[in-house]
Amino acid sequence: MKDLKGWNLLVYDVIVKNFGYRVFSLNDIYQFEDYFKLYYPNNHFIQDKIRQILQVLRDKGMLEFVNEGHYKLI
């Protein structure tokens, strides 16, 4: 986790603090859109960015893609 910063760290922290190791959906994490806007008020594509970061975290081996739209921490 020490190599995470910016968006990656922000999304990862939301996942850890709110979902832990249980499966969560895109809709679950979209509920934090206003929280992400506090850090990135000029980003008008928050949901797109969330999906991108979930892919990055998956590629780093930190998340597992469970099925369409559902993820889990590893």
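Is Phe65 buried, exposed or partly exposed? Phe65 counts as partly exposed, at 41% relative accessibility. The classes are buried (under 20% relative accessible area), exposed (over 50%) and partly exposed (in between), with a 1.4 Å probe and protein chains only.

## Basis

This is a predicted model: local features need pLDDT of at least 70, side-chain atom pairs count only at pLDDT 80 or more, and totals for chains, interfaces and linings use all residues. Residues are numbered from 1 along each chain as its sequence is written, and side-chain values use heavy atoms, with hydrogens and water left out.

## Helix H1

Helices (H or I, at least four residues) and strands (E, at least two) are DSSP runs, numbered from the N terminus. Helix H1 covers residues 6–18.

Trp7, Asn8, Leu10, Val11, Tyr12, Val14 and Ile15 of H1 are buried. Their cover includes strand S1 (24–25), helix H2 (26–30), H3, H4, strand S2 (63–67) and strand S3 (70–73). Just after H1, Gly20 has a positive phi of about 55°.

## Aromatic pairs

Rings of Phe, Tyr and Trp (its six-membered ring) pair if their centres lie within 6.5 Å; planes under 30 degrees apart are stacked, over 60 edge-to-face, and the rest tilted. The count is 8 aromatic pairs. One of them is Phe19 with Phe32, edge-to-face at 6.0 Å centre to centre and 90° between the planes. Phe19 lies in the loop between H1 and S1 and Phe32 in the loop between H2 and H3, so the pair ties together parts 13 residues apart in sequence. Phe19 is buried, at 8%.

Phe65 and Tyr71 also pair edge-to-face, at 5.6 Å and 70°. Tyr71 is buried, with a relative accessible area of 7%. Ring pairs also link Trp7, Tyr35, Phe36, Tyr39 and Tyr40 into a cluster.

## Salt bridges

A salt bridge puts a side-chain nitrogen of Lys or Arg within 4 Å of a carboxyl oxygen of Asp or Glu. The structure holds 4 salt bridges. Among them, Asp48 meets Arg51 at 2.3 Å, N to O. Both lie in helix H4 (residues 46–59), 3 residues apart, about one turn of the helix. Asp48 is partly exposed at 39%, and Arg51 is partly exposed at 32%.

Asp59 and Arg58 form another, at 2.9 Å. Asp59 is exposed at 59%; Arg58 is partly exposed at 33%.

Note on methods
The expected span of a helix is 1.5 Å times one less than its number of residues. Contact means heavy atoms within 4.5 Å.
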